[in-house]
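Here is a friendly briefing to read alongside the coordinates.

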Amino acid sequence: NITVIDKSKYVLDKIKYRHPKTTILHQNIPPLSNLKDNSFDVVISFQVIEHIKDVNLFINEIHRVLKPNGKAYITTPNAKKSIARNPWHVKEYKYSELNDLIKKKFIKYTIEGIQGNKKTDQYYFKNEQSVKRIMRFDIFNIQYKLPKTLLKIPYEIANRMNRITLLNKNRELVNNIKLEDYSLQKYSKDTLDFFCILTK
């Protein structure tokens, strides 16, 4: 049995329509309300923890609901590879910060890195150059001084425009990037996202 938790009712309704046997819970997290202790074999949280304010509670709750020897799979962006401030993120983590957070509750865990190749590196470089061209107008570094709520709409507009421009200028490169261009490696300076496996 699969249980899905999301704050978006729209997303949950779509999941329920496609997978009617799925248990859906419409709520903000943490805590993982309505979930019993030691009740799940696996917990999957991809690109979520960077949006969470009380991360210690979040990790504690994952530990609580896992069965003994159960595993949690968590991914999150590598802060060192972020090109600009994302106002939708509460915090992006460096390796040491993520490690310190996890080891407070889990003894057995690994933190690996999702890494690309020359093709994805080329796209990252072009994206970085494109963002820098936009950011050159932010001479007073306002993106880091304004409240996140004021940045969300300008960020979304600039982000969409940037992606469209990148696609139009590099259509062949963008369309040829596949899942196979990414791999799981030991953490390094080239890590794009962290991939954590936590065992209770």
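Is D100 buried, partly exposed or exposed? D100 is partly exposed, with a relative accessible area of 38% (buried means under 20%, exposed over 50%, partly exposed in between, with a 1.4 Å probe and protein chains only). Please keep in mind that this is a predicted model, where local features need pLDDT of at least 70, side-chain atom pairs count only at pLDDT 80 or more, and totals for chains, interfaces and linings use all residues. Residues are numbered from 1 along each chain as its sequence is written, and side-chain values use heavy atoms, with hydrogens and water left out.

**Salt bridges**

- The whole structure holds 9 salt bridges (a side-chain nitrogen of Lys or Arg within 4 Å of a carboxyl oxygen of Asp or Glu).
- D100 pairs with K103 in one of them, at 3.5 Å from N to O; K103 is partly exposed, at 48%.
- D41 bridges to K67, with the closest N and O atoms 3.6 Å apart.
- That pair links distant parts of the chain, since D41 sits in strand β3 (residues 40-46) and K67 in strand β4, 26 residues apart (strands are DSSP runs of E, at least two residues, and helices runs of H or I, at least four, numbered from the N terminus).
- D41 is exposed at 51% relative accessibility, whereas K67 is partly exposed at 31%.
- D181 forms a salt bridge with K119, the closest N and O atoms being 3.3 Å apart.
- Because D181 lies in the loop between α6 (171-175) and β6 (183-186) and K119 in helix α4, this pair ties together parts 62 residues apart in sequence.
- D181 counts as buried at 10%, while K119 is partly exposed at 28%.

**Helices α4 and α5**

- Helix α4 (residues 118-135) packs against helix α5 (residues 148-169) at an angle of about 130 degrees, with the axes 10 Å apart.
- The two helices are therefore oblique to each other (angles under 35 degrees count as roughly parallel, over 145 as roughly antiparallel, 65 to 115 as roughly perpendicular and the rest as oblique).
- Contact (heavy atoms within 4.5 Å) involves Y123, K126, N127, S130, V131 and I134 of α4, and A158, N162, R163 and L166 of α5.

**K80 in its loop**

- K80 is placed in the loop between β4 (66-77) and α3 (95-102), and is exposed at 59%.
- Leaving out residues up to four places away in sequence, K80 touches K94 and Y187.

Note on methods: Axes fitted to C-alpha atoms, helices over the stretch in contact; angles between N-to-C directions.
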